[in-house]
Amino acid sequence: MTVLDSRALNRATLARQHLLTRSDTSVSEAVAHLCGLQAQEPQEPFTGLWSRLADFKPERLDEALTGRTVVRTHLMRRTVHLVTSDDALAWRARHDTMLRQRVLGTYRRELAGIDLDEVAAAGRAVMADQQPRTMRELVRALEDRWPGPPPRVLGELLVAALLPMAQLPPRGLWQQTGGVRNLPLATWLARDIDPVPAGDGDPVGQQLLRRYLAAYGPAASADLRAWCGLAGLPAAVKAAREELVVFRDERGRELLDLPDAPRPHPDTPVPVRFLPAFDNAVLGYHDRSRIIDAPHLGLSVAGHRTVLVDGRVTATWTVRNHQLRISSLRPLTAPEQEAVHAEAQGLATFLDNDIEHIQLGTEN
């Protein structure tokens with residue numbers, strides 16, 4: 001069985017994440033291919049798409065959001081993602097149990113003894129008037145019936161688990177600020193959520209598996225589980241196994257992949273890329289060693305924006321006081337510094353934040 005080292009896995013990830021070469025695909029096609037973009041920080045997906053798409057313009061994502069082809073919703077890992085409307089409707093029901101379990105796991109004591117189905121029914125009744133509401137407004141309509149949980153806990157239970165919600169624009173539009181206004185997903189998209197199909201083989205799980213491998217593979221079942229938050233999709237993996245190819249990593253883990261997916265040569269040259277906070281190219285795996293070194297793993301979950309040099313997380317970046325500051329995690333060679341600075345100039349132009357200086361230094 002072929003063994004793929006971390007460099008080979010790195011190149012495969014970059015190719016599939018549109019980070020090896022910027023793609024000419026549309027915004028909605030890119031969001032679909034990437035299986036969504038993590039988006040709890042509303043402005044971050046714009047940088048993620050700029051680094052992946054040729055000639056990306058922010059208004060293209062704005063148009064996708066206001067045109068309802070892309071939607072902000074809680075999905076994978078109970079985290080707000082930008083996903084296509086088709087995927088939101090196709091995948092949401094398969095995630096329902098996980099979403100409930102994660103809220104209960106976080107607030108088990110506060111939610112003890114509460115009938116979740118009863119809360120969900122009451123929430124649906126409130127939202128039946130098709131009026132957008134903030135989480136606080138929804139809670140205010142129900143808190144007399146459930147006075148025990150703190151308002152924040154009851155709100156998270158409703159909007160992040162029990163009721164499939166869309167977060168409406170202007171939330172998530174380019175350089176706009178605004179609180180979260182929620183509307184049921186089916187109301188916003190004027191289409192019902194797909195039910196989980198009956199029968200064996202977990203067909204929705206199989207779709208998730210294939211789509212994940214297309215954007216993240218080769219990958220282990222543990223990586224798939226870490227990305228979506230579901231319990232490894234064993235029935236889906238079993239049903240799809242015959243159509244997949246199998247590799248091993250250097251630790252001996254079994255890696256699954258689509259037969260015709262790109263696996264570039266490990267020595268393929270890689271351009272510098274600037275990634276936003278919580279980018280799935282880093283967070284989409286249980287074993288992130290293909291893209292980030294162990295001493296820096298905390299950066300990937302702490303909301304640091306990162307810079308890829310030779311395909312690996314090598315620096316962090318911030319914008320503050322009209323300055324784009326890049327802090328490298330290791331000494332950079334002169335050619336690396338030149339490449340980082342050139343890409344930073346493009347980023348500064350894209351961000352359009354009156355950036356006057358680009359500062360490149362080493363993190364203390």
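Gln130 has a positive phi of about 65° although it is not a glycine. This is a predicted model, in which local features need pLDDT of at least 70, side-chain atom pairs count only at pLDDT 80 or more, and totals for chains, interfaces and linings use all residues. Residues are numbered from 1 along each chain as its sequence is written, and side-chain values use heavy atoms, with hydrogens and water left out.

**Packing of H6 and H7**

- Helix H6 (residues 116–127) and helix H7 (residues 135–142) pack at an angle of about 115°, and their axes are 10 Å apart. Axes are lines fitted to C-alpha atoms, for helices over the stretch in contact, and angles between N-to-C directions run from 0 to 180 degrees.
- H6 and H7 are therefore roughly perpendicular to each other; angles of 65 to 115 degrees count as roughly perpendicular, under 35 as roughly parallel, over 145 as roughly antiparallel and the rest as oblique.
- The crossing of H6 and H7 is right-handed, that is, the near helix is turned clockwise from the far one by less than a right angle.
- On the H6 side, Ala122, Gly123, Val126 and Met127 meet Leu138, Ala141 and Leu142 of H7, contact being heavy atoms within 4.5 Å.
- The residues of this contact of H6 with H7 divide into six nonpolar, one polar and no charged. Ala, Val, Leu, Ile, Met, Phe, Trp, Tyr, Cys and Pro count as nonpolar, Asp, Glu, Lys and Arg as charged, and the others, Gly among them, as polar.

**Salt bridges**

- The count comes to 30 salt bridges, each a side-chain nitrogen of Lys or Arg within 4 Å of a carboxyl oxygen of Asp or Glu.
- Arg211 forms a salt bridge with Asp87, with the closest N and O atoms 2.6 Å apart. Arg211 lies in helix H10 (residues 203–216) and Asp87 in helix H5 (residues 85–106), so the pair ties together parts that are 124 residues apart in sequence.
- Asp87 is buried, at 7% relative accessible area; buried means under 20%, exposed over 50% and partly exposed in between, with a 1.4 Å probe and protein chains only.
- Asp117 forms a salt bridge with Arg100, the closest N and O atoms being 3.0 Å apart. This pair links distant parts of the chain, 17 residues apart, with Asp117 in helix H6 and Arg100 in helix H5.
- Asp117 is partly exposed at 48% relative accessibility, and Arg100 is partly exposed at 24%.
- Salt bridges that share partners join Asp223, Asp249, Arg251, Arg253 and Asp287 into one network.

**Backbone geometry**

- Most residues other than glycine have a negative phi, and most peptide bonds are trans.
- Asp310, not a glycine, has a positive phi of about 55°. Asp310 is in the loop between strand E10 (305–309) and E11.
- Pro169 and Pro170 are joined by a cis peptide bond with omega about 15°. Pro170 is in the loop between strand E5 (165–167) and strand E6 (182–184).
- A cis peptide bond with omega about -5° joins Gly217 and Pro218. Pro218 is in the loop between H10 and helix H11 (221–228).

Key. Helices (H or I, at least four residues) and strands (E, at least two) are DSSP runs, numbered from the N terminus.
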